[in-house]
Amino acid sequence: MTIITITEDAKQHIISMLMRQGLLAVKLGLAPQGCNGYKYTWEPVGTNIADHVIELDEDHFLIFNKDVVPYVIDSIVELQTTGFMGKQLTLTNPNVMGSCGCGESVNFK
């Protein structure tokens, strides 16, 4: 079972951001928020200790804990260009049942 797939563009973006901050990992989480219930969180952290660790390169990682797994199984992390020079990580997630109009919050099946 693949929990999360990361596109090459997203992987390079995460590595670049972590290198600028001198950190090891980005932690994917869920927080209660918005009109649909949950928001994905991306927290740069100085450790790669978590229930699940995905190696981006030998020095950088995407991490998440087991409580997130049921909500992100078979998801794809992608890099989306927004506006002229903006970029953001997005999750294409088959477990999402709905999202708000602005895309900030989601609810799950």
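Is asparagine 93 buried or exposed? At 10% relative accessibility, asparagine 93 counts as buried, where buried means under 20% relative accessible area, exposed over 50% and partly exposed in between, with a 1.4 Å probe and protein chains only. The model is predicted: local features need pLDDT of at least 70, side-chain atom pairs count only at pLDDT 80 or more, and totals for chains, interfaces and linings use all residues. Residues are numbered from 1 along each chain as its sequence is written, and side-chain values use heavy atoms, with hydrogens and water left out.

**Overall architecture**

- The chain has two helices and nine strands; helices (H or I, at least four residues) and strands (E, at least two) are DSSP runs, numbered from the N terminus.
- Along the sequence, these elements follow the pattern β-α-β-β-β-β-α-β-β-β-β.
- Of the 109 residues of the chain, 34% count as buried.

**Helix α1**

- Helix α1 covers residues 8-21, and its 14 residues should span 20 Å at 1.5 Å a residue; the end C-alpha atoms are 20 Å apart, which agrees. The expected span is 1.5 Å times one less than the number of residues.
- The buried residues in α1 are Ala10, Lys11, His13, Ile14, Ile15 and Leu18.
- An α-helix has 3.6 residues a turn, so residues three or four places apart point the same way.

**Second largest pocket**

- The second largest pocket holds about 210 Å³ of space. On a 1 Å grid over the protein atoms alone, a pocket is an open set of points with protein on both sides within 12 Å along at least five of seven lines, whereas a cavity is a set where a 1.4 Å probe fits but cannot get out; lining residues have an atom within 4 Å of a point. Grid points are joined across faces, edges and corners, and a volume is the space filled by probe spheres set on the points.
- His13, Ile14, Met17, Leu18, Gln21, Val26, Trp42, Pro44, Lys87, Gln88 and Leu89 form the lining of this pocket.
- Two or more lining residues come from each of α1, β3 and β7 (86-92), and α1 gives the most, with five residues.
- The lining has seven nonpolar, three polar and one charged residues; Ala, Val, Leu, Ile, Met, Phe, Trp, Tyr, Cys and Pro count as nonpolar, Asp, Glu, Lys and Arg as charged, and the others, Gly among them, as polar.

**Aromatic pair**

- The structure holds one aromatic pair: tyrosine 38 and tyrosine 71 are tilted, at 6.0 Å centre to centre and 35° between the planes. Rings of Phe, Tyr and Trp (its six-membered ring) pair if their centres lie within 6.5 Å; planes under 30 degrees apart count as stacked, over 60 as edge-to-face and the rest as tilted.
- The pair links distant parts of the chain, with tyrosine 38 in strand β3 (residues 37-45) and tyrosine 71 in helix α2 (residues 69-72), 33 residues apart.
- Tyrosine 38 counts as partly exposed at 31% relative accessibility, and tyrosine 71 counts as partly exposed at 29%.
- The C-alpha atoms of tyrosine 38 and valine 106 are separated by 5.3 Å, although these residues are 68 residues apart along the chain.

- Asparagine 93 lies in the loop between β7 and β8 (96-99).
- The asparagine 93 side chain reaches the backbone oxygen of tyrosine 71 at 2.6 Å and makes a polar contact with the side chain of serine 75 (3.3 Å). A polar contact is a pair of N or O atoms within 3.5 Å; within protein, one must be able to donate a hydrogen and the other to accept it, and residues adjacent in sequence count only if both atoms are side-chain atoms.
- Aspartate 74, in the loop between α2 and β6 (75-82), has a positive phi of about 70° although it is not a glycine.
- At 46% relative accessibility, aspartate 74 counts as partly exposed.
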